[in-house]
Amino acid sequence: WEILDELYEIIPSYSLPHMHALVHAIEMGAVDREEKELGWLFQNDINFDRELIVDSYFSAGRIDKAIEIQLSQIEYSTNIVGRADINPKSVAKYYAVLAALYKEAEMYDNAREAALKAVEYDQSQKESAEAFLKTLK
């Protein structure tokens, strides 16, 4: 923590040390530090790499938090007023990841819904989504 804290002092508005601290906090189970870093990122760098954070939560077995961050990625990608740069294929990918996370959490209705949303954004995902849906209980 000390090295990361020193980096904050040198480059206080740079988000990379906060990302590393968040991943480390997730891995170590340091919930207070995790909340602090996640709060800083949401407040100061809305473009932070949510995929890395989702992967970190998933690896730590914290599917609920992975789902929460993935939902924030979808919200960021689709609901910001005035965004002209919505990329439907990216949004479809985010929904596909969400569907897989819901499946892992045994939230099968949510997984179905997310898979169908992926297809809404990218019709080329229809065959993959249908195969995924067949794997759900």
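This is a predicted model: local features need pLDDT of at least 70, side-chain atom pairs count only at pLDDT 80 or more; totals for chains, interfaces and linings use all residues.
Visitor: Hi! Before we start, what does buried mean here?

Guide: Hello! Buried means under 20% relative accessible area.

Visitor: Thanks. Then let's go to Glu-37 and Arg-33, are they buried or exposed?

Guide: Glu-37 and Arg-33 are both buried. They also form a salt bridge with each other, and the closest N and O atoms are 2.7 Å apart.

Visitor: Where do Glu-37 and Arg-33 lie?

Guide: Both are in helix H3, which covers residues 31-44. Four residues separate Glu-37 from Arg-33, about one turn of the helix.

Visitor: How many salt bridges does the structure hold?

Guide: There are seven salt bridges in the structure. One of them joins Glu-34 to Arg-62, with 2.6 Å between the closest N and O atoms. Glu-34 sits in helix H3, while Arg-62 belongs to the loop between helix H4 (50-59) and helix H5 (63-78), so this bridge ties together parts that are 28 residues apart in sequence.

Visitor: Why does Glu-34 count as buried?

Guide: Because its relative accessibility is 2%, and the cut-off for buried is under 20%.

Visitor: Got it. Which residue forms a salt bridge with Lys-89?

Guide: That would be Asp-122, and the closest N and O atoms of the two are 3.3 Å apart. Asp-122 lies in the loop between H7 and helix H8 (126-134) and Lys-89 in helix H6, so the pair connects parts 33 residues apart in sequence. Asp-122 counts as buried at 9% relative accessibility, whereas Lys-89 counts as exposed at 52%.

Visitor: Switching to rings now. How many aromatic pairs are there?

Guide: The count comes to two aromatic pairs. Phe-42 and Phe-48 make an edge-to-face pair, 5.0 Å centre to centre with 85 degrees between the planes. Within that pair, Phe-48 is buried at 3% relative accessibility, and Phe-42 is partly exposed with a relative accessible area of 31%.

Visitor: And Tyr-95 with Tyr-121, stacked or edge-to-face?

Guide: Tyr-95 and Tyr-121 are stacked, at 5.8 Å centre to centre and 20 degrees between the planes. Tyr-95 is in helix H6 (residues 88-104) and Tyr-121 in helix H7 (residues 108-121), so the pair links distant parts of the chain, 26 residues apart.

Visitor: How accessible is Tyr-95, and what about Tyr-121?

Guide: Tyr-95 counts as buried at 13% relative accessibility. Tyr-121 is partly exposed, and its relative accessible area is 28%.

Visitor: Which ring has Arg-50 over its face?

Guide: Arg-50 lies over the face of Phe-48, at 4.5 Å from the ring centre. The charged end of Arg-50 also sits over the ring of Tyr-76, 5.1 Å from the centre of that ring.

Visitor: Nice. Last topic, the surface: which residues make the nonpolar patch?

Guide: The patch is made by Ile-3, Leu-7, Ile-10, Ile-11, Tyr-14 and Leu-16, and it comes to about 580 Å². Helix H1 (residues 2-10) gives the largest share, three residues.

Visitor: Where is Ile-11 in all that?

Guide: Ile-11 is in the loop between H1 and helix H2 (16-28). It is partly exposed, with a relative accessible area of 32%.

Methods:
Residues are numbered from 1 along each chain as its sequence is written. Side-chain values use heavy atoms; hydrogens and water are left out. Rings of Phe, Tyr and Trp (its six-membered ring) pair if their centres lie within 6.5 Å; planes under 30 degrees apart count as stacked, over 60 as edge-to-face and the rest as tilted. Buried means under 20% relative accessible area, exposed over 50%, partly exposed in between (1.4 Å probe, protein chains only). Helices (H or I, at least four residues) and strands (E, at least two) are DSSP runs, numbered from the N terminus. A charge sits over a ring if NZ of Lys or CZ of Arg is within 6 Å of the ring centre and within 35 degrees of the ring normal. A salt bridge is a side-chain nitrogen of Lys or Arg within 4 Å of a carboxyl oxygen of Asp or Glu. Patches are made of residues with over 30% relative accessible area and no salt bridge: like charges are joined within 9 Å, nonpolar side chains (Val, Leu, Ile, Met, Phe, Trp, Tyr) within 5 Å. Accessible areas come from the Shrake-Rupley method with a 1.4 Å probe; for residues, only the protein chains shown count as cover.
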